[in-house]
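Me: I have a structure open and have not looked at it before. Can we go through it in short questions?

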Amino acid sequence: MDTALTSHQKSSEQGGELLPEMLTEFMVDMKCEGCVSAVKNKLQTVDGVKGVDVDLSNQVVRVVGSSSLKTMVDALEQTGRRARLIGQGSPEDFLVSAGVAEFKGPIIFGVVRLVQVNMELARIEANFSGLSPGKHGWSINEFGDLTKGAASTGKIFNSKDQVDTEEPLGDLGTLEADETGEAHFTGAKQMLRVPDLIGRAIVVYASEDKSETGITAAVIARSAGVGENYKKICTCDGTVIWESTNSDFVAA
């Protein structure tokens with residue numbers, strides 16, 4: 001089976017083929033039924049959104065659909081409310097349905113999220129800043145060993161079922177950074193299974209040439225699936241999330 005990134009990589013707001021549907025959960029600052037109506041009405045106008053459920057008591061918004069994460073977050077922020085991603089996945093089928101890799105600088109920053117849609121398909125969403133303008137290869141590599149940065153992450157990951165294919169399963173293709181150094185990606189890949197990726201690394205390269213050592217890397221960690229992350233207070237410092245800085249709302 002072809003393991004390349006599918007044509008789903010074009011997001012609905014760009015007029016391309018829709019991404020596979022899944023459930024996404026946000027914690028949203030809501031205080032009354034008026035807030036609930038505003039959030040529902042806004043999200044229901046977003047291309048690809050099939051259903052919206054709001055739990056005011058827990059301040060949780062659940063969205064079913066194919067819209068990209070960035071599009072949904074932008075819509076929620078347009079209502080004047082802060083939103084934090086707290087879970088993604090298919091709750092019926094997967095014990096580990098989501099993973100996240102965070103690139104924390106000092107030059108390149110970014111977040112990559114991987115969510116299992118079904119046993120044959122995973123969604124990938126990524127946002128980067130600090131890259132040089134132009135095209136950059138990126139991949140999932142074998143090891144989450146960052147002792148020597150990207151150089152100690154091993155080869156591009158490939159599953160035992162895909163060893164005879166020309167392109168390793170972990171080859172994610174190319175990112176394209178704009179003139180400001182930002183790159184965004186929304187796509188899907190067949191045969192990629194998130195539970196097999198936890199503890200491995202995502203690597204970004206200086207150019208499209210993945211035979212060179214990457215310029216930055218981050219370990220893939222388990223991320224919250226749906227219904228797993230309803231806490232409103234940070235256990236490390238007691239901060240209520242609505243009192244956090246905007247940077248705290250980047251990743252689950």
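Me: How do β12 and strand β13 pair, and over how many bridges?
Reply: β12 pairs with strand β13 (residues 216-219) in the antiparallel sense, over four bridges. Strands here are DSSP runs (E, at least two residues), numbered from the N terminus, and two strands pair if DSSP finds at least two bridges between them. This is a predicted model: local features need pLDDT of at least 70, side-chain atom pairs count only at pLDDT 80 or more, and totals for chains, interfaces and linings use all residues. Residues are numbered from 1 along each chain as its sequence is written, and side-chain values use heavy atoms, with hydrogens and water left out.

Me: Which residue stands opposite valine 203?
Reply: Alanine 217, in β13.

Me: What about strand β8, how does that one run against β12?
Reply: Antiparallel; strand β8 (residues 134-141) is joined to β12 by four bridges. Tryptophan 138 stands opposite valine 204 in β12.

Me: Are the faces of β12 covered or open?
Reply: Both faces of β12 (residues 201-204) are covered. Ala201 and Val203 are buried on one side, and Ile202 and Val204 are buried on the other. Buried means under 20% relative accessible area, exposed means over 50%, and partly exposed is in between (1.4 Å probe, protein chains only).

Me: Why two sets of residues?
Reply: In a regular strand the side chains alternate between the two faces of the sheet.

Me: New topic. Where is leucine 114?
Reply: In strand β6, which covers residues 109-118. Leucine 114 has a relative accessible area of 0%, so it counts as buried.

Me: What does leucine 114 touch, leaving aside neighbours within four places in sequence?
Reply: Its contacts (heavy atoms within 4.5 Å) include Ile202, Ile140, Leu192, Val194 and Ile220. Ser97, Ala98 and Gly99 are also among them.

Me: And how far is leucine 114 from alanine 126?
Reply: Their C-alpha atoms are separated by 8.8 Å, and the two residues are twelve apart along the chain.

Me: How many helices and strands does the protein have?
Reply: Two helices (H or I, at least four residues) and 14 strands. Of the 252 residues, 48% count as buried.

Me: What is the average pLDDT?
Reply: The average is 83, and 77% of the residues score at least 70. pLDDT is the predictor's confidence in each residue, from 0 to 100.

Me: Where does pLDDT stay under 50?
Reply: Over residues 1-17, for one, which have 42 contacts beyond four places in sequence in the model. Residues 232-252 are also below 50, with 43 contacts beyond near neighbours in sequence. Where pLDDT is low, the predicted coordinates should not be read in detail.
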